[in-house]
Amino acid sequence: MTTTLRSGLFVLLTSIIAPALAETTAAERLSLPIAPRPFTNTVAPTEEASTPDHYATAPSAPVSSPNVLLIMTDDAGFAASSAFGGAVETPTLERLANEGLRYTQFHTTGVCSPTRAALLTGRNHHAVGMGSLVELDSPYEGYVGDIPPTATIARVLGDNGYATAMFGKDHNVPIAERTAVGPFESWPTGRLRGFDYFYGFISGDTSQWRPSLYENTRRVDARGATTICSLMKNWPTKPFIGSMKSSPQHPSGHFLCTTLMDHPTLPTMHRRNGLIALRASLILGWDEFRKQVFARQKAAGIVPDNAQLTPRPDMIEAWNSLPATTQRVYARYMEVFAAQLAFQDAQTGRLIDELERLGLRDNTIVIFIEGDNGASGRIGCAWNAQ
């Protein structure tokens, strides 16, 4: 099947690959899979009288094609990180933003599966059957919970000679395929998705302490892990970041989906010192806190000077109307969330440092999406009411 590439992220990926090619070859790569070159050989009764042409080979990436590292976090609001005016220190994200481009009008859907489906395919989430969470599939067009055959990020890169891998949260596998015997066509490594390797989980979330993980389509025993955070340290760096160095003829396309802010449960031992100073702001409550964040965003040019802070939703109570004990509980919720976000940023920093240690940073495009759908309010905390 040949699928024409679409706009958005696909244009970016194509522009990464195309410049090193001759014009005609670049145009041919706008449709996938790349058609094999026809043979012009002649076959005679003897080898001496025959005319050979070429060996059949798989598509290869252009020389010096960059690696691609796409990172997307889970349940992080636009105003959470310091890179976008928030109070939680995220030096790695600030570093990436200062070295590259910072986008402030990136649109997501309100829940996980649709955003991820749109990102993977470059199409509107309804157009690929993911109008809501994959678990809420229904017999209506646009809501069937099953991505149809179409181009994906993995196929765009893989069909152009890249080695591809996905780590962490998927949340686009149809309910009917979540069995030990398949079918596995819509799993990350399945025919319709196209990743070469997958290590992560296929549900909306999993225990931070006893995660339910898969390697490709095989269940992994993760009982020996301290936390899913500890596993995250090692997923891409061992051995896949290293594979970028060992196989330069096959540049890598890695998709890392962390889930540390989905049901954050990080214990006190993981808190960073900077969070102690943050406590004073948190105990002021969400009404005052969001005003402070909004002012910083204006000062940084992240939002226009004439922007108005949206009213607090009626479903969220005014901070000052809450009893003192309730305020302390919510402040603790916010502190744990902040610790989780800071810890995640530190782990991302490990990946960037590993790229630099291996001499790969200058030839790796890092695309960081902070939050697949904004923050979660399932515990009643309005940490990200903004």
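Contact here means heavy atoms within 4.5 Å, and among contacts in the protein chain between residues at least 6 apart in sequence, 70% join residues at least 24 apart. This is a predicted model, in which local features need pLDDT of at least 70 and side-chain atom pairs count only at pLDDT 80 or more, while totals for chains, interfaces and linings use all residues. Residues are numbered from 1 along each chain as its sequence is written, and side-chain values use heavy atoms, with hydrogens and water left out.

**Overall make-up**

- The protein chain holds ten helices and nine strands, taken as DSSP runs (helices H or I, at least four residues; strands E, at least two) and numbered from the N terminus.
- Of the 386 residues in the protein chain, 48% are buried, where buried means under 20% relative accessible area, exposed over 50% and partly exposed in between (1.4 Å probe, protein chains only).
- The accessible surface of the protein chain comes to about 18900 Å², with 55% of it belonging to carbon and sulfur atoms; accessible areas come from the Shrake-Rupley method with a 1.4 Å probe, and for residues only the protein chains shown count as cover.

**The sheet and the helices across it**

- Seven strands form an open sheet of mixed pairing in the order 7-6-5-4-8-3-9, two strands being paired if DSSP finds at least two bridges between them.
- Strand 7 (218-220) and strand 9 stand at the edges with a single partner strand each, so one side of each is left without a neighbour in the sheet.
- From one strand to the next the twist averages 15 degrees, with axes fitted as lines to C-alpha atoms (for helices over the stretch in contact) and angles running from 0 to 180 degrees between N-to-C directions.
- Strand 3 pairs with strand 9 in the parallel sense over six bridges, and I367 in strand 9 is the bridge partner of L70.
- Helix 4 (residues 112-121) lies across strand 3, strand 4, strand 8 (252-257) and strand 9, and runs at about 165 degrees to strand 3.
- Helix 10 lies across strand 3, strand 8 and strand 9, and its direction is at about 170 degrees to strand 9.

**Nonpolar cores and cysteines**

- A nonpolar core is a set of buried Ala, Val, Leu, Ile, Met, Phe, Trp, Tyr and Cys residues joined through side-chain atoms within 4.5 Å; in the largest, which has 26 residues, F167, Y199 and L355 touch the most other members.
- At least two residues of this core come from each of strand 3 (67-72), helix 3 (91-99), strand 4 (163-169), strand 5 (197-201), helix 10 (324-357) and strand 9 (364-369).
- Another core lies apart from it and has 22 residues, among them A76, A79, L282 and M334.
- The structure holds zero disulfides, a disulfide being a pair of cysteine sulfur atoms within 2.5 Å.
- C112 counts as buried at 8% relative accessibility, and C257 likewise counts as buried, at 1%.

**Backbone features in the loops**

- G182 and P183 are joined by a cis peptide bond with omega of about 10 degrees, and P183 is found in the loop between strand 4 and strand 5.
- H171 lies in the loop between strand 4 and strand 5; its phi is near 65 degrees, a positive value in a residue other than glycine, and H171 is buried with a relative accessible area of 3%.
- D75, found in the loop between strand 3 and helix 3, has a positive phi of about 55 degrees although it is not a glycine, and D75 counts as buried at 3% relative accessibility.
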